[in-house]
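Let's take a walk through a protein together.

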Amino acid sequence: MRLLEAVIEANHRALAGDASAGLHPADFADELPIVALTCIDPRLNSLMPGALGLPENQFIWLRNAGNIITGPLSSTMRSLALACAVKGGKEIAIIGHTDCLVGKTNTMQLLERLRSLGIERHVLPDNINEYFGIFSSERQNVLKAAEIVRQSPLIGPKIPVHGLLVDIGTGKLEWLVNGYQILETFSSKWQEVVKSAGHTVDALKSLTDFNIGEMKFPETKIGEIVTRGEDWLSEKVHQIGTQAPQPAAAPAPPTPRPIPLPPPIRPRIHLRRS
Ligand SMILES: [Zn+2]
């Protein structure tokens, strides 16, 4: 049984009242840690990663409003790629949730709310739906995100990309995209693309204005290019007469203390009382 199969099974068994349901992280050492993209909804703070039944140190948690992927080389894609390449993530899960307020807010409502914050339409991007990734179906949004991540040149042929939906009330997981199955067909396609390397570079260029030339400096530290982007942004903000906000000093990290992990890890879900 593979990681996500065990996660879903333990989650469903726990919801059915099986107190022994759970999984042993040691059994899935080759598939952990998992990289998860979820929404920013605060209700998920206590729900994840407990709903997956995973120890916190095996859960690389990325969040953005609506768990939206806007493009194969977007900022969130950059973080997903680094979560795998630098932090050792072995699988990716895009986890949407029920009752998502991002999905429930339409363009007119969003414009109205922005306006109440003093933000007029003319300072916003023309492609406002695309920019904010406005969606109407939580499921479709997960399917789309999983598809873009799967096709992104930043992820490659070794990382399964799953799509899930979590019930915000109970923690029940629904597996919408089985990344293992898709990976089987994807790997051979990827090989074909890699063989035509020139074509790949052109395809990459056409996706965005991503500058491949930036990748030629091996001594450049990750983040420097982003900082340059931030400098540019600060300059722009300054030009319109507003002082760019200084980043707040990061709070001191809590003193880490080793916590023994008692196996199995049981999914933390909320049993409905009937
Ligand atoms: Zn949400």
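Is Asp99 buried, partly exposed or exposed? Its relative accessibility is 28%, so Asp99 counts as partly exposed. One thing to keep in mind as we go on is that this is a predicted model. Asp99 sits in the loop between β3 and α3 (101–104), and its phi is near 60°, a positive value in a residue other than glycine. To see what makes that worth a remark, remember that most residues other than glycine have a negative phi.

Let's step back for the overall plan. The chain contains nine helices and five strands. The chain has 274 residues, and 36% of them count as buried. Now think about contacts in the chain with a separation of 6 or more: 74% of these are between residues 24 or more positions apart.

Cys39 belongs to the loop between β1 (34–38) and β2 (59–63), while His97 is in strand β3 (residues 91–97), so the pair links parts of the chain that lie 58 residues apart. Both of these residues are buried.

Cys84 is another buried cysteine, because its relative accessibility is 15%. A disulfide is a covalent bond between the sulfur atoms of two cysteines. How many disulfides does the count come to? With a cut-off of 2.5 Å between cysteine sulfur atoms, the count is zero.

Next, the aromatic rings. A pair of aromatic rings is described by the distance of the centres and the angle of the planes. Searching the whole structure turns up three aromatic pairs. In one of them, the ring centres of Phe59 and Trp61 are 5.3 Å apart and the planes meet at 65°, so this pair is edge-to-face. Phe59 counts as buried because its relative accessibility is 8%, whereas Trp61, at 27%, counts as partly exposed. Trp175 and Tyr180 also make an edge-to-face pair, with 6.1 Å from centre to centre and 90° between the planes. Here Trp175 counts as partly exposed at 24% relative accessibility, and Tyr180 counts as buried at 5%.

Now find the strands β4 (residues 161–166) and β5 (residues 173–177). They run antiparallel and are joined by four bridges. Val166 stands opposite Leu173 in β5. This hairpin has six residues between its strands, and Gly171 there takes a positive phi near 85°. Thr170 is in the loop between β4 and β5 as well. Its relative accessible area is 4%, so Thr170 is buried. The side chain of Thr170 reaches the backbone nitrogen of Lys172 at 3.1 Å.

Helix α4 (residues 107–116) has something to show at each end. At its start, a side-chain oxygen of Asn106 comes to within 3.1 Å of the backbone nitrogen of Met108. After the helix comes Gly118, with a positive phi near 85°.

We finish with some backbone details. Most peptide bonds are trans. Finally, Asn67 is not a glycine, yet its phi is positive, about 40°. You will find Asn67 in the loop between β2 and α2 (75–85), where it counts as buried because its relative accessibility is 2%.

Conventions. Residues numbered from 1 in each chain as written. Predicted model: local features only at pLDDT ≥ 70, side-chain atom pairs only at ≥ 80, totals over all residues. Heavy atoms only, no water. Helix = DSSP H or I, 4+ residues; strand = E, 2+ residues; numbered from the N terminus. Buried < 20%, exposed > 50% of the residue type's maximum accessible area, 1.4 Å probe, protein only. Phe/Tyr/Trp six-rings, centres within 6.5 Å; stacked < 30°, edge-to-face > 60°. Polar contact = N/O pair within 3.5 Å; in protein donor to acceptor, adjacent residues only side chain to side chain. Pairing = 2+ DSSP bridges. Contact = heavy atoms within 4.5 Å.
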